[in-house]
Structure formats: structure tokens, C-alpha cells
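Work through each task with the sequence and the coordinates at hand before reading its solution.

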Amino acid sequence: MLANKIALVIGSSKGIGAGIALELAKAGADICVNYCDSPTSALEVVNQIHSVGRRAIAIQADVSQRDQVERMVETCEQELGHIDILVTNAIASVRNTLLETKFEDLQRTLEIGVYGVFHICQIVARRMVERKALGSIIHISSPHAHFPYKGAI
């Protein structure tokens, strides 16, 4: 179904992202596993992907940093090939009330969830357009966007 497709899954070293990466691999895609600060978890996901017969690499990058995103995309394409599928699945959430939230926590949430998504989508989409290739960009957001927890800001 996804044979010969390359997927870059942001935030795929654990949780939902890891599950998405593994399911894409089971469907035939090769996977770039992105992590920010969980190299051991990322390597476990890579090993699971290898166990289903697909290629996979782990790439560290903080998506809020454009230079790191550019390096990650470059590495993914050099190692596996052109990206056909991008899944944006990175988020930082503030679990405090408005009065308890520090500005830095809110800023980090925006850096990852807004600016990071912009960086990765723009860089990957530009490469897709330059190659005149169709691709898929899938955004994952927090359920808290629709169903906030008590005291959420």
C-alpha cells in the first residue's frame, strides 16, 4: 500500500507518534523517526520498524529550531530518499491554570506547536513542489484543542 514511500514522523519516539510510525511501516513505508530528547526510545521504535522489514533511522531535532529542521529533512532524504509523507506530531502543553503559567512555558508551546509546524511543513512542502511530486502532510493536534482540561489556558 505504501511501498517505496518515505515518511517523516515528527515526535515519533514514543506515544501516538511511535504508533503512527510503526503502522506506516507495516503498510510498507520507510520511516524517519524524529525525537527531541529521547534517543533510547527513538532507537526502540527504529528496531520495531526494522522487525517488520522496513528501513528506518532516528534523527534528533527540535522542530522549533529551523536550522535543526532543515538538517533533519536533509538527513532523512540523504539516508532514505525523498519525503512522501509528513506527520506533524510534536506538542508541548501547559498543564497549569492561567495564574500559575509561566510565560516561558506558553512560549515553548507556541514554538513547537505553531512555529515548529510552520518550519517543517514549509521545508517539506517546498521540496515536494520543487520535485513536482504529490505528497501528504498530516497534522496531529492535541484533543485539548477541542476538549480542554479543567483550568486549561
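**Exercise 1.** Does Cys121 count as buried or exposed?

*Solution.* The model is a predicted one, in which local features need pLDDT of at least 70 and side-chain atom pairs count only at pLDDT 80 or more, while totals for chains, interfaces and linings use all residues. Residues are numbered from 1 along each chain as its sequence is written, and side-chain values use heavy atoms, with hydrogens and water left out. Buried means under 20% relative accessible area, exposed over 50%, and partly exposed in between (1.4 Å probe, protein chains only). With a relative accessibility of 13%, Cys121 therefore counts as buried.

**Exercise 2.** Determine which cysteines form a disulfide, and describe the bond.

*Solution.* A disulfide is a pair of cysteine sulfur atoms within 2.5 Å. The sulfur atoms of Cys32 and Cys76 lie 1.9 Å apart and form such a pair, and the count comes to one disulfide. This pair links distant parts of the chain, since Cys32 belongs to strand β2 (residues 30-35) and Cys76 to helix α3 (residues 66-79), 44 residues apart; helices (H or I, at least four residues) and strands (E, at least two) are DSSP runs, numbered from the N terminus. The torsion about the S-S bond of Cys32 and Cys76 is about 90°, so the disulfide is right-handed. Cys32 is buried, at 0% relative accessible area, and Cys76 is buried, also at 0%.
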